[in-house]
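Please look over the points below with the structure open beside them.

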Amino acid sequence: MEIASESIKNLLVAIGVGAESLHWVLLGVYSAILILVAALSYYIVHHIVVVGVGRIVAKTSVKWDDDLFNDALLSRVCHIIPPVLLYVLLPWFMSDYPQVFAIGERALLIYIVVAAVRMVTKLLSSAYAASQHTETFKGHPMKGLTQMLKIIVWCVGAIVIISLLINKNPLIILSGLGASAAILMLVFKDSIMGLVAGVQLSANDMLKPGDWIASPENGVDGVVEDVSLTTVKVRNWDMTIVTIPPYTLVSGSFQNWRGMFDTGARRVKRSVNIDLNTVRFLTAEDLSHFSSQEWYDASNQPVRPVNLRLFRDYIKWYLTNHARVNHNMLTMVRQLQPSNHGVPIELYFFTATSAWVEYETIQAEIFDHVFAVAHDFGLRLFQSPSGLDFKEHNPAIENL
């Protein structure tokens with residue numbers, strides 16, 4: 001290196017550079033050489049890393065490596081190589097310029113720290129994107145954890161940069177931050193609480209993107225679109241977007257319908273009210289009519305059968321043989337506590353699908369049949385009387 005330096009000096013003197021300006025001209029030449037070395041190294045590394053790795057990744061059949069080793073991440077890796085090379089070469093070129101050497105060395109270290117932080121944060125983003133293509137992490141709320149790790153990386157980078165600027169040990173700065181921990185807790189309160197809540201949601205598998213959740217007190221009833229460090233984004237069924245902090249869900253309560261979709265079935269729990277005035281014992285003629293029906297089981301009837309009992313038996317048989325009812329889950333027809341609205345007969349069963357539109361269609365179809373068949377058993381469904389009911393029982397009203 002000394003031989004090269006002497007050769008450059010001799011060349012400058014030969015072309016007419018005076019002794020009084022030789023010192024500064026050499027500084028300019030050395031700086032130009034360093035800039036040229038940095039540019040060439042970046043071009044070479046960029047060509048090898050970005051282009052070479054990109055071709056290798058493109059040939060693989062898996063998807064996760066396309067997200068992990070993307071061009072943006074590889075480009076940020078390339079930005080670290082030139083300053084590291086300059087940091088190694090700087091003492092050889094700038095040993096005669098102590099002030100320039102000190103400033104350049106510190107500037108290069110700061111640049112290396114910034115480039116390293118940007119590379120690590122991009123690596124975290126790429127790792128998050130790649131994790132969404134693996135069955136182990138797919139659908140889990142990893143975004144909040146990724147954001148928190150980015151914050152930690154930037155905080156560490158900021159501390160190192162400050163220590164370089166003031167020429168102090170980073171540990172001294174960290175010890176000084178202990179006194180301001182309370183202030184930091186206030187500033188990053190939402191982020192810290194969001195991280196803790198996000199870890200709880202993920203560890204307990206309480207929530208993940210794609211789940212249908214309901215939390216009436218928070219105005220939430222829809223599908224989770226995104227789970228980040230400070231917010232959970234939900235698209236309600238009316239197409240509005242609701243964003244709530246994760247710790248609101250952890251500290252409160254919410255309903256997750258994922259189990260329903262996993263089983264492929266959805267519960268129906270509805271009742272019809274029967275007018276008590278129409279409940280009666282069956283006559284011999286009624287029994288003769290029903291005994292020919294496929295669903296009728298004479299061995300399972302009491303001594304004096306009641307029309308309401310046969311109605312419940314028939315509905316149970318109808319549900320058991322319905323093609324769109326899930327027969328692997330509980331099916332029940334029961335009588336509830338009578339009230340001034342009659343006696344409720346509740347149908348409790350599960351449809352063979354969890355799709356909302358199909359579920360509503362199956363439910364309506366079954367209850368259409370229930371409403372229509374009740375009259376075959378001599379039963380009348382209870383409903384509050386209307387003007388037409390009063391008119392039928394009092395013809396004089398028609399003349400009013």
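1. M239 is found in the loop between β3 (232-236) and β4 (241-244). Helices (H or I, at least four residues) and strands (E, at least two) are DSSP runs, numbered from the N terminus. The phi angle of M239 is near 75 degrees, a positive value in a residue other than glycine. M239 counts as exposed because its relative accessibility is 53%; exposed means over 50% relative accessible area, buried under 20%, and partly exposed in between (1.4 Å probe, protein chains only).

2. On the source: this is a predicted model, in which local features need pLDDT of at least 70 and side-chain atom pairs count only at pLDDT 80 or more, while totals for chains, interfaces and linings use all residues. Residues are numbered from 1 along each chain as its sequence is written, and side-chain values use heavy atoms, with hydrogens and water left out.

3. Helix α15 (residues 356-373) has 18 residues and reaches 26 Å from its first C-alpha to its last, close to the 26 Å expected at 1.5 Å a residue. The expected span is 1.5 Å times one less than the number of residues. Which residues of α15 are buried? They are Y359, I362, Q363, I366, F367, V370 and V373. They cover an arc of only 130 degrees around the axis, so they lie on the same side of α15; the arc is that of the directions from the helix axis to the C-beta atoms.

4. V357 and A372 are exposed residues on the face of α15 turned away from its buried side. The cover over the buried residues of α15 includes β6 (266-274), α14 (307-320) and β8 (343-351).

5. A search of the whole structure finds 16 aromatic pairs. Rings of Phe, Tyr and Trp (its six-membered ring) pair if their centres lie within 6.5 Å; planes under 30 degrees apart count as stacked, over 60 as edge-to-face and the rest as tilted. F311 and F377 form an edge-to-face pair, 5.7 Å centre to centre with 75 degrees between the planes. This pair links distant parts of the chain, with F311 in helix α14 and F377 in the loop between α15 and α16 (387-393), 66 residues apart. F311 counts as buried because its relative accessibility is 1%, and F377 counts as buried at 4%.

6. The pair F367 and F371 is tilted, because the ring centres are 6.2 Å apart and the planes stand at 55 degrees. Both residues lie in helix α15, 4 residues apart, about one turn of the helix. F367 is buried, with a relative accessible area of 1%, whereas F371 is partly exposed at 34%.

7. F311 and F377 also belong to one aromatic cluster, formed by F290, W295, Y296, F311, Y314, W317, Y318 and F377.

8. Two arginines sit over rings. The charged end of R270 is over the ring of F367, 4.3 Å from its centre. R266 lies over the face of W257, at 5.4 Å from the ring centre. The criterion is NZ of Lys or CZ of Arg within 6 Å of the ring centre and within 35 degrees of the ring normal.

9. For the record, the protein has 16 helices and 8 strands. Of its 400 residues, 32% are buried. Among contacts with a separation of 6 or more, 62% join residues 24 or more positions apart, where contact means heavy atoms within 4.5 Å.
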